[in-house]
Amino acid sequence: METAAKKLNRTSVFDQSRAVIRNTALGLSALVASAGVAYADGPGRGNTAQFERNYLVFIINHHYSALRITELAAGTDPVRDAQVVAPQEGTSPTPGFSATPPKATDDEIRSMARMGNREQREEIGRAQRFLQEWYGVHYHPQLTAEGRRMIATLEAAPAGAQFNQAFLRTFSSHHFSALAPSVHCMVKSDLNHDGLRRYCENIVIVQKNGINDMREMLCKQYSDCGFVPMNGDRRKDNEL
């Protein structure tokens with residue numbers, strides 16, 4: 001018959017073995033998790049690194065021009081209205097541009113402009129953080145030639161119905177020019193950069209829906225039902 005001392009000793013050894021196995025497993029899990037986090041926070045591997053840098057610079061500049069485009073529609077307001085939703089409220093002015101009165105007269109368009117302005121400011125900031133954290137690049141937005149052209153088109157359009165229609169056509173084309181690069185980002189960014197892929201996927205979804213919202217408004221309000229957004233490159237626009 002087994003003595004109580006032997007039973008206690010065997011139980012103690014078993015418990016110690018379980019503890020060693022458990023601690024080893026936990027240690028390996030922590031090591032794998034920490035290694036994964038550290039690696040994901042680094043730059044892309046091989047060609048993905050150059051692609052990511054190019055894309056992030058592109059999308060920062062692309063969104064930057066959208067700020068002035070939406071400001072022209074909604075107007076600028078350095079002081080925010082106390083209401084949660086104020087139809088007559090404007091946007092925060094972009095540094096380097098003077099204050100501007102709203103040129104859009106449709107409340108739905110002005111709402112769309114305010115929402116787009118806010119979203120693109122946040123997306124600029126997030127892209128800048130990716131560049132800084134992964135590549136050590138502190139990048140400041142710049143207006144591209146295409147962005148300046150779109151802004152000039154809307155600056156020249158008279159306020160009211162004519163501006164409303166010009167804005168819907170211009171801003172939908174602006175959205176369109178971000179779609180192909182962002183689709184590429186979804187399959188060309190580094191496999192460990194899930195945050196960037198989600199960022200690009202969200203841009204595709206939001207911009208696509210925004211384009212079709214604006215096309216619908218053009219059709220219903222201005223009988224412009226055959227409009228197709230263009231990205232400014234006739235060769236690419238006419239591929240299909």
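Modeller: In this predicted model, α3 is followed by Gly 136, whose phi is positive, near 65°.

Colleague: What contact is made at the start of α3 by a side-chain oxygen of Asp 106?

Modeller: That oxygen comes to within 2.7 Å of the backbone nitrogen of Glu 108. The cut-off for a polar contact between N or O atoms is 3.5 Å, so the pair qualifies.

Colleague: Why is α3 called roughly parallel to α5?

Modeller: Helix α3 (residues 107-135) packs on helix α5 (residues 161-188) at an angle of about 30°, and their axes are 11 Å apart. Angles under 35 degrees count as roughly parallel, so the term applies to α3 and α5. The crossing of α3 past α5 is left-handed.

Colleague: Which residues of α3 and α5 meet, and how do they divide by class?

Modeller: Ile 109, Met 112, Ala 113 and Gln 120 of α3 meet Asn 164, Phe 167, Leu 168, Phe 171, His 174 and His 175 of α5. By class, six are nonpolar, four are polar and none is charged.

Colleague: What makes α4 roughly antiparallel to α5?

Modeller: Helix α4 (residues 145-156) and α5 pack at about 170°, with axes 9 Å apart. Since angles over 145 degrees count as roughly antiparallel, α4 and α5 are described in that way. Their contact is made by Met 150, Thr 153 and Leu 154 of α4 with residues of α5 including Phe 163, Phe 167 and His 174.

Colleague: How do you know the relative direction of α2 and α5?

Modeller: The axes of helix α2 (residues 47-74) and α5 come within 10 Å and cross at roughly 165°. This angle is over 145 degrees, and α2 and α5 are therefore roughly antiparallel. Here too the crossing has a defined hand: α2 passes α5 in a left-handed crossing.

Colleague: Which residues bring α2 and α5 into contact?

Modeller: Among them are Phe 51, Tyr 55, Phe 58 and His 62 in α2, and Phe 163, Phe 167, Phe 171 and Lys 188 in α5. The residues of this contact divide into 14 nonpolar, eight polar and one charged.

Note on methods: Residues are numbered from 1 along each chain as its sequence is written. This is a predicted model: local features need pLDDT of at least 70, side-chain atom pairs count only at pLDDT 80 or more; totals for chains, interfaces and linings use all residues. Side-chain values use heavy atoms; hydrogens and water are left out. Axes are lines fitted to C-alpha atoms, for helices over the stretch in contact, and angles run from 0 to 180 degrees between N-to-C directions. Helices (H or I, at least four residues) and strands (E, at least two) are DSSP runs, numbered from the N terminus. Angles under 35 degrees count as roughly parallel, over 145 as roughly antiparallel, 65 to 115 as roughly perpendicular and the rest as oblique. A crossing is left-handed if the near helix is turned anticlockwise from the far one by less than a right angle, and right-handed if clockwise. Contact means heavy atoms within 4.5 Å. Ala, Val, Leu, Ile, Met, Phe, Trp, Tyr, Cys and Pro count as nonpolar, Asp, Glu, Lys and Arg as charged, and the others, Gly among them, as polar. A polar contact is a pair of N or O atoms within 3.5 Å; within protein, one must be able to donate a hydrogen and the other to accept it, and residues adjacent in sequence count only if both atoms are side-chain atoms.
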